[in-house]
Amino acid sequence: MLLKTIDQADLKGKRVIARFDFNVPLTKTEPRTITDTSRIDLALPTIRMILEKGASKLVLMSHLGRPDGQVNAKYSLAPVAEYLAEKLGIDVILTESAVDNGVKELLTLPETKVVLLENLRYNPGEEKNDLEFAEKLSQYGDIYVNDAFGAAHRKHASVYGINTFFKNRAYAGLLLKKEIESLSTLIEKPTKPFVAIIGGAKVSDKIKTIEKLMVLVDTLLIGGAMAYPFLKAKGATVGNSLCSDEDVALAKNILSQDRAGKIILPKDHIISATLEGKGEVCHSLSIPADFMGLDIGPETVKSFADHIKVARTVFWNGPMGLFESESFAKGTMSIAHVIAANTGFTVVGGGDSVSAAHQSGEADKFTHVSTGGGASLEYIEKGELPGVLALKTGL
Ligand code: AMP
């Protein structure tokens, strides 16, 4: 079934309630300001289209952080309301809470146009997919729009349960549409060769996506701490590197399924005895006792780059090392540059790899930089997300 998008919707004179992913990073101290506005910036085309199409009211909703069902000023959407008002050049009224406390009355005032509901996760009903909470939200709009790709893998009230109340009146926003189009190209019709690069910290977090990628790709490059359980499973030593027994068992199983030899592992490493160290090259596959592998080494960068250069489709998720530290960022940055230089279809799948792509200064050279880490991995694994399916079919 096709995803209906807001460009197809008649919004004239309608009240629109729209879910976004305004879960932006904030400074740790007061006054809390937004340190990266990308998620809001990417939502602006959808917001502008809703207003241009003549919606009478626009009710915006989002979560921010993990307040765990409690009111907590640390996670207020106030900085988001302020930024939106500045960008849109109109008043954006922040409510006291997502439901009740006069929201309905506020929406009946003729001068009210754009309202941002306070953090959905202040209410325990959001994460529990409570239908009573979803129904209250649904009363604020005639039309529902979901543009929160980063939350579409969650069965939460504002992305999932709410669809119960908008049969044939629910639409995807422009960002959600773009995300789904890009990711579905990867799983449905990737131009070959297709190379995926998976890094990060834990095999168990990404095991299901790795299994799916093994079917889709020609080559699977594994770097970062993710590689050590695979190297250990093959008999190498990993010193004090991040590597759990559970992950070694999972890696062993994946390697046993790799009859076509698609998996390529690091050949060398940047190691250090402490996280504060400068790092040195370890030319051997095995890492000495008392040392940690903290980045891929220069031979590995070269080998990974050779595979990436000939790819026509590239998917990247997870850094190649402890890239937050300058001493161990070189592998990740080099891989980001090589992918950026590839003129094929290149996708970065959310999370830390997106920060790394930005850090490389070349994020605009990727075909698509996904806003959802967990959501993009789950979409690759399953080819669908609960929030997107509910939008298409209703509940
Ligand atoms: P993930 O969320 O699974 O993509 O993991 C990202 C995190 O893994 C980042 O904070 C990286 O610093 C960390 N990471 C990647 N490689 C290593 C490594 N070799 N040692 C320690 N941490 C690593």
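A salt bridge is counted here when a side-chain nitrogen of Lys or Arg lies within 4 Å of a carboxyl oxygen of Asp or Glu. The model is a predicted one, in which local features need pLDDT of at least 70 and side-chain atom pairs count only at pLDDT 80 or more, while totals for chains, interfaces and linings use all residues. Residues are numbered from 1 along each chain as its sequence is written, and side-chain values use heavy atoms, with hydrogens and water left out.

A search of the whole structure finds nine salt bridges. In another of them, the side chains of Glu126 and Arg19 meet at 3.4 Å, N to O. Glu126 lies in helix α5 (residues 124-127) and Arg19 in strand β1, so this pair ties together parts that are 107 residues apart in sequence. Helices (H or I, at least four residues) and strands (E, at least two) are DSSP runs, numbered from the N terminus. Relative accessible area sorts residues into buried (under 20%), exposed (over 50%) and partly exposed (in between), using a 1.4 Å probe and protein chains only. Glu126 is buried, at 0% relative accessibility, and Arg19 is likewise buried, at 0%. In the pair described at the outset, Arg121 is buried at 5%, whereas Glu127 is partly exposed at 33%. A further salt bridge joins the side chains of Lys392 and Glu384 at 2.8 Å, N to O; Lys392 is partly exposed at 22%, and Glu384 counts as buried at 19%.

The domain organisation comes next. The domain assignment gives domain 1 (6-175) and domain 2 (183-380); such bounds come from an automatic or database domain assignment. The C-alpha centres of the two domains lie 35 Å apart. Six residues of domain 1 are in contact with eight residues of domain 2, contact meaning heavy atoms within 4.5 Å. Between them the domains bury about 640 Å², 66% of it on carbon and sulfur atoms. In domain 1, Arg39, Phe149 and His153 lose the most area to domain 2, together 71% of what that side buries. Buried area is the accessible area (1.4 Å probe) that two parts lose on being put together, summed over both. The count of salt bridges between domain 1 and domain 2 is zero.

The interior can be followed through its nonpolar cores, each a set of buried Ala, Val, Leu, Ile, Met, Phe, Trp, Tyr and Cys residues joined through side-chain atoms within 4.5 Å. The largest has 70 residues, of which Leu117, Leu137, Leu220 and Phe315 touch the most other members. Helix α8 (residues 203-216) gives the most to this core, with six residues. The core draws at least three residues from each of domain 1 and domain 2. Apart from this core lies another, of 33 residues, among them Ile6, Ala9, Ile50 and Leu58. Leaving out residues up to four places away in sequence, Leu117 touches a set of residues including Ile17, Val59, Leu77, Leu137 and Tyr140.

Helix α14 (residues 373-382) is mostly covered, with seven of its 10 residues buried. Among these buried residues are Leu377, Glu378, Tyr379 and Ile380. The buried residues of α14 pack against α7, α8, β13 (313-317), α13 (351-359) and α15 (386-393). Just after α14, Gly383 takes a positive phi of about 75°.

Several backbone features involve proline. A cis peptide bond with omega of about -10° joins Glu30 and Pro31, and Pro31 is found in the loop between β1 (15-19) and α1 (38-41). Another cis peptide bond, with omega of about -5°, joins Lys192 and Pro193; Pro193 lies in the loop between α7 (174-188) and β7 (194-198). Pro229, by contrast, is found in helix α9 (residues 227-233) and is buried, with a relative accessible area of 1%. Beyond its neighbours within four places in sequence, Pro229 is in contact with Val203, Cys243, Asp247, Val248 and Ala251.

Asn101, with phi of about 45°, is found in the loop between β3 (92-94) and α4 (103-108) and is exposed, at 53% relative accessible area. Asp290, with phi of about 75°, lies in the loop between β11 (280-282) and β12 (292-296) and is exposed, at 54%.
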